[in-house]
Amino acid sequence: MATNVSGTALAGLDAGKPPEQAFGERLNRIFTAYALQKPDRIPVLLPTGHFLAQWGGVTRQELTENPDKEIELLERAALEFEPDAIAGLTNHPGAALALGDLMTKWPGNGLGPEGSFQFVEHEFMKAEDYDAFIEDTSDWAIRSYLPRAFTELEGLAQLPPLGMAAFGTYAWFNLGLALTAPPVTSALHALSAAAEAQVVTDARIREGVGRLQALGYPSIPIPPLAPIVEAPFDFMSDTLHGMRGIMLDVLRRPDNLLAAEERVLKFQLEFAIDYTNVTGLKTVFIPLHRGSDGFMSLAQFERFYWPQLKALIVGLTEHDILPLVFYEGIWDKRLDYLAALPRGKTLGWFQFSDIFKVKQVVGNTMAIIGGMRNSLLQAGTVEEVRDTTRKVCQVVGEGGGS
Amino acid sequence: MTQALVDAIADMREEEALNLARTALDGGTPPLEVLDDCRQAMSLVGERFAAGECFVPELIMAGEMLREISALVKPLLAGSAEAGAPKLGKIVMGTVQGDIHDIGKDIVYFMLDVNGFAVTDLGVDVPIETFVEKVREIQPDVVALSGFLTLSYDSMKNTIQALVEAGLRDRVKVMIGGGAVDEQIRAFAGADAYGADAMAAVALAKTWTEAS
């Protein structure tokens, strides 16, 4: 379940205001805090996640697979909790199922109906793939990676080298032969089916965002509203080489790893800039995984994680894109690095870091989101939750920017 | 003991460690002696991890070297029973139902193992009944429950409740841990202790097995 920064009891605070006015005030409140200014009150973000299922009395599977239900529950949650912004599930399974995605498990697909969406790491990229990855990333991605990572795309392994496939009429004669091979045709159909599933999902998301706006509630710009990019190290770990593989690379082949991270940095930046230009929504979400305290030494962090992540974040801000960075886990020993990010240009959403220390070290650098532990929200008494909320608001809210 | 082999492993010099192991075995060093060096090196890596001098890459690499050297030793071991050191106590562990995260669990396994416990790892997304069956069968001193997701709170609670209902709860100590777990969840789930990291898990297990 997601955390939120909660103010004092807000119910009824905006009662009677026309939705357009409430919407504008909420948005203004949020952007004032983003800019490290002091808003009229501390904005409350409510990313609901699987909480909606429990709260709404449906299984997680139903919530994940039934957008109507999800939108209905989101509307109910918005009206009951009156947050300044709200978000529902970040993931819907349609496209992943159409592609035979081996990286994800879904409630009702790979997990029981009450399971929680999860990633499964594999070593789709082997150590011996580094040269091909660095030499021609796109070709390797399409002809080697996709067939390994998605069962329905196995046929793409039968495509000719992509350079061969594209240049001139003769090349198209050659490519035509490959495209008629049944496994290739089948893979292309799977891509088409995934696109169709995504079209349906996107339409429902837009509908949900519109209905929430009509009630006066902005949506939090996290996926699927905003694109995801990752720290290059995490990108290599999460989707390509797995954590075991990547951690061994730190010791066995550091130069290959660094070269691969350069590639990842370059195409992620290009992607985010293009995407935000096309959509006009100048926000990206960056969930961080392996950089938190405990995974690697500070020396390793300084070499393999931080420079590439910082280049990504700074590169985005230089294009007026606002990165919403989710600092998963605990970052207490790494906050000084974060303090070097451009002031007022990024958002820091902290999961389990010491939120008061966060305020102290990066409070002048970025707007802070977080401070409400899931364990407290599930197992704490109402009084404990109120006390913590009050303290977080007083200390972290001091001076704005949260 | 070959200090050079112990050092090569502990200092993450993989190629050198493998060469030293190979040379030792070719030269007639008893295979059990080589394994013993590995065990010592693992224990050294565990100490360094506990002291914050090495991290996950080194733990994984140490495990990898142990696997590689064991593969060299194994064919030579036929007939001679492995003389395992006496274990401090038995532990059954796993990631609770609905949760498939294994990184933290594997680190805790490594640290309990190198510290001399006989650990049975039931894997991830472990059904409540499996915990009950295995506790009945293995009769461990300690049950260790891992979880990363918020849903693990309920799974931990239900697993411990199932141990109560099976009449097994008072025969074991239960510890819980994982990214989103804390003291509040310990009370919520009815565990005996919460550990913030793998070193805490070792300390708890030692306290409990020494006391019994």
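Helices (H or I, at least four residues) and strands (E, at least two) are taken here as DSSP runs and are numbered from the N terminus, and the expected span of a helix is 1.5 Å times one less than its number of residues. The structure is a predicted model, in which local features need pLDDT of at least 70 and side-chain atom pairs count only at pLDDT 80 or more, whereas totals for chains, interfaces and linings use all residues. Residues are numbered from 1 along each chain as its sequence is written, while chains are lettered from A and ligands numbered from 1 in the order in which they are written.

Burial is judged from C-beta atoms placed from the backbone: a residue is buried if 20 or more others lie within 10 Å of its own, exposed if 12 or fewer do, and partly exposed in between. By this criterion, B:Ala17, B:Leu20, B:Ala21 and B:Ala24 of α2(B) are buried. They cover an arc of only 100° around the axis, and therefore lie on the same side of α2(B), the arc being that of the directions from the helix axis to the C-beta atoms. The exposed residues B:Glu15 and B:Asp26 are carried by the face of α2(B) turned away from its buried side. The buried residues of α2(B) pack against α1 (3-10), α3 (31-50) and α4 (56-73) of chain B, and α2(B) is followed by B:Gly28, whose phi is positive, near 95°.

In the loop between α1 and α2 of chain B, B:Met12 has a positive phi of about 65° although it is not a glycine. With 17 other C-beta atoms within 10 Å, B:Met12 is partly exposed.

The domain assignment divides chain B into domain 1 (3-77) and domain 2 (90-211), with bounds that come from an automatic or database assignment. The C-alpha centres of these two domains of chain B lie 28 Å apart. Seven residues of domain 1 of chain B are in contact with six residues of domain 2 of chain B, contact being defined by C-beta atoms, placed from the backbone, that lie within 7 Å. On the side of domain 1 of chain B that touches domain 2 of chain B, the elements that give two or more residues are α3 and α4 of chain B, and the largest share, five residues, comes from α3(B).

Definitions and conventions
Contact = placed C-beta atoms within 7 Å.
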